[in-house]
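Me: I'm new to reading protein models and I'd like a close look at one part of this one, the sheet. Could you walk me through how it is put together and what sits around it?

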Amino acid sequence: MNGKGKVVCVTGASGYIASWLVKQLLQLGYTVKATVRDPNDPKKTEHLLALDGAKERLQIFKASLLDEGSFDSAVDGCDGVFHTASPVLLSSNDPQADIVDLALKGTLNVLRSCAKVPPIRRVIVTSSMAAVSFNGKHLSPDVMVDETWFSDPAFCEKSKLWYMLGKTLAEEAAWKFLEENRIDMVAINPGMVIGPLLQSQPTLDSSSSVMPVLNLVNGVKIPCKTYRWVDVRDVANAHILRELYPNLNLPEEYTEEKASEPNYQVSKERAQSLGITYIPLEVSLKDTVESLKEKNLINA
């Protein structure tokens, strides 16, 4: 794939997934228009500006999800848009405003900007497994979750799964909006993302997808449940760690006697049909730990 001469926008470019996306797009020769909430904050931009090709082909724009029209200049002149900007909060004192509305209104704000630019050929929305598998259906080892699945907003709201509700409503609204405006769209639904962090000063809190790995290697007990892990560079599905780091202070037991969620299968067929070759989870975990060690986040 050669992106020479092509211009794309990446929203929320300072994020975990988005930073890797910017890196790969620059490597392919694309000119990247990257949006961040505060271009003057070095934590948001310094790792992006240090990427190969950034000096020649990276442009930083200020944009906010709830600021109507703030993405207009960033998407103007683009061939495609990667929308990754979205709140990653699992709880809040005001979940409707802080999680649900921000995800839904923010996505529509970006898409309205895209609709003003006829040359945009495709919008890629980074959604989540949260928008797929939370619908109250029975999950068991013989169940395959695939592209036909969609989370049920009523079930999410009743269960107070606010992050899942926000991602579900945002993706649902995106499909409807882009169909009405005849813009081609692709939605990507990763699980919990792990792998190396590009940010020089990553902000890790309880909502961060790498926290289970960080807690584990720091000797903190983690819940024994199903983790839908996805490598930030591709996808994997296994669960190995101790053999890689025998000297780390890993916990000897989980916080629960058995998994609180049943295992189930997630379809990889469509991704594989597009030529994606998965990195083994052993490699994903190793690279995640090495990245956390480099940033002095592991107790040792």
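This is a predicted model: local features need pLDDT of at least 70, side-chain atom pairs count only at pLDDT 80 or more; totals for chains, interfaces and linings use all residues.

Reply: Six strands make up an open sheet, and if you go across it the order reads S3-S2-S1-S4-S5-S7, with parallel pairing. At the two edges you find strand S3 (58–62) and strand S7 (184–188), each of which pairs on one side only. On average, neighbouring strands here are turned by 20° against each other, ignoring direction. As background, strands of a sheet pair through backbone hydrogen bonds, either parallel or antiparallel.

Now zoom in on one pair. S5 and S7 run in the parallel sense and are joined over 5 bridges. Within that pair, Val123 stands opposite Met185 in S7.

Next come the helices. Helix H1 (residues 16–27) packs on the sheet, where it touches strand S1 (7–11), strand S2 (31–36), S3, strand S4 (80–83) and S5. The direction of H1 makes about 165° with that of S1. Helix H7 (residues 162–180) lies across S5 and S7, and runs at about 165° to S7.

Follow the chain on from S5 and you get to a loop. Ser128 lies there, between strand S5 (122–126) and strand S6 (144–145). Is Ser128 buried or exposed? Ser128 has a relative accessible area of 8%, so it counts as buried. Leaving out residues up to four places away in sequence, Ser128 touches Tyr163, Lys167, Ile188, Asn189 and Pro190. A polar atom of the Ser128 side chain also sits 2.9 Å from the backbone nitrogen of Ala130.

How many disulfides does the structure hold? The count is 0. Cys78 is in no disulfide, and the nearest cysteine sulfur, that of Cys9, is 5.2 Å away. Cys78 counts as buried because its relative accessibility is 0%. For Cys114, the closest cysteine sulfur is in Cys9 at 7.2 Å, which is too far for a bond. Cys114 is buried as well, with a relative accessible area of 1%.

Finally, step back to the whole protein. There are 10 helices and 10 strands, and 48% of the 300 residues count as buried. Among contacts with a separation of 6 or more, 73% come from residues 24 or more positions apart. The protein exposes about 15800 Å², and carbon and sulfur atoms supply 50% of that.

How values were computed: Residues are numbered from 1 along each chain as its sequence is written. Side-chain values use heavy atoms; hydrogens and water are left out. Helices (H or I, at least four residues) and strands (E, at least two) are DSSP runs, numbered from the N terminus. Buried means under 20% relative accessible area, exposed over 50%, partly exposed in between (1.4 Å probe, protein chains only). A polar contact is a pair of N or O atoms within 3.5 Å; within protein, one must be able to donate a hydrogen and the other to accept it, and residues adjacent in sequence count only if both atoms are side-chain atoms. Contact means heavy atoms within 4.5 Å. Accessible areas come from the Shrake-Rupley method with a 1.4 Å probe; for residues, only the protein chains shown count as cover. Two strands pair if DSSP finds at least two bridges between them. Axes are lines fitted to C-alpha atoms, for helices over the stretch in contact, and angles run from 0 to 180 degrees between N-to-C directions. A disulfide is a pair of cysteine sulfur atoms within 2.5 Å.
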